[in-house]
Amino acid sequence: MSKPDSDAPVAVPDAAAAPTVDLRKPDAPTSKSAEPADTPAPADTPAPAETPAPADPWAAPGPAAPPTGRIPMPMSAPHPPLPPANGAPAGGWASVVPGAYSGFQPGYAYPPASEQTNGFAVGALVTGLVCVWPVALVLSIIALVQIGKRGERGRGMAVTGLVFGVIGLLLTGLGVLGGIVAAGRSDRADHLPAPKAPAGSVRWSALKAGDCYSTPEDGSRTDPDGGDETVYWVRKVPCSAPHHGEVAGTVRIPASDGPSYPGEAKIRERAGELCGPVLDEYALDQWAIPDGMDDVYLYPTRGNWRSGERSVTCAFEDRDAEHTGTVRTDRGSLNSAQLTYLEAVKGFNSAYAKRPKGEVDAANSEYAAWARQMAAASRAEAEQLSKTSTVWPDGAKPKVTELAAAQRAAADAWDAAAKTTDATALAGAIRRAQQLTAKTLPLSVEIRRELGLSTGEQAPDLRV
């Protein structure tokens, strides 16, 4: 309010004689003639009461005091705010508490949070744990939106589902990107120009079982990223001439594997599975394979696959040295005695090649299982060598009988090793069984010489 123009004390009429004043509307205007003349205030008029301090604007509203009179205001000042008709306190904005704007009144607690758990949050967590990542991502987003609106529980589960969904999508994206990069790398290798074919060279797919070949210096290209070597050309030569490799046969990838190219790693593994029986049948006598010659598989690249090539070439090859002669010892090139002997020792040689890695005390159970396999293989060899239907050459017959007896003794030693549970005792039992097996090696060399088989020792793992 404005300060009054005069500092003179204000006269307050007697409450009993004063007329009742309605503060809810302004006074009706009166004519100037009706207004009394200015008269001096009586001397005994009491001084006006001090204006009380304004109430706390943030306090809750209380009952309003009844009006007792009008306080004269200067003509230049505006009328004071009119009190509401419902009895709320006057005073303007200061009497309205801030809580009224937010919907809550001072002195009352906020409404309690919902005790209900959001169902989408639970679904997001479960689908994230079972690796259904796209569903977890969608459910977690829905749950977070609903929890924010409804005040429900489950925010932690929704966030966990969201994390699982994001991680899953990232892993999936990396996997797809890796496949694209690998495919692109393979395609780049296929699109590289093939080296010019040297004179007398042929494509590797033109080789057949029994063909011997040499690898020209510029007939292949090595993958700079560490992949397999791509062979384009080979030079076909007679097996009596020096050569690097000999083809055991070809096998076609079955149509059941599907029409799509499986990738380098998968097709290499599949080629090994298909070539294993082909190589074994081509060279029944493993002693006839020179040292350094290993199993190789020539399989189609992605470009070959697109052009319709589905065959795998199985061969024995030594890239570092050349050899003469053939390793072919299949059933068509062997007589009955040779075939019986090789069939008898085949199972034993396969079992011996499966010896576990490492020391015995670090692989106790694996060595015990291997000892059981060796006992069975030794006993089976002895039984096949003792068949009366086989006609052995005179020089080989007594040695074959001796070898069968030595294998029976070795089988008993392998049985004893398989029944040993203590690691130290097992190591000693396996060592004794190996010593008995080693004693059969000179007999094998003599029998091979009598049968006309290779005596070149191609089984160095039998040396104990």
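A disulfide is counted here as a pair of cysteine sulfur atoms within 2.5 Å. In general terms, a disulfide is a covalent bond between the sulfur atoms of two cysteines.

Before we look around, note that this is a predicted model, in which local features need pLDDT of at least 70, side-chain atom pairs count only at pLDDT 80 or more, and totals for chains, interfaces and linings use all residues. Residues are numbered from 1 along each chain as its sequence is written, and side-chain values use heavy atoms, with hydrogens and water left out.

**The disulfides**

How many disulfides does a search of the whole structure find? The search finds two, and they are set out here.

| Pair | Sulfur distance | S-S torsion |
|---|---|---|
| C212 and C239 | 1.9 Å | about 95 degrees |
| C275 and C314 | 2.0 Å | about -75 degrees |

With a torsion of about 95 degrees, the C212 and C239 disulfide is right-handed. This pair links distant parts of the chain, 27 residues apart: C212 sits in strand β2 (residues 212-214), and C239 in the loop between β5 (233-237) and β6 (245-252). Helices (H or I, at least four residues) and strands (E, at least two) are DSSP runs, numbered from the N terminus.

The C275 and C314 disulfide is left-handed, as its torsion is about -75 degrees. Here helix α5 (residues 264-282) holds C275 and strand β8 (residues 311-317) holds C314, 39 residues apart.

Are these cysteines buried or exposed? Buried means under 20% relative accessible area, exposed over 50%, and partly exposed in between (1.4 Å probe, protein chains only). C212 is buried at 1%, and C239 is buried at 18%. C275 is buried at 0%, and C314 is buried at 0% too.
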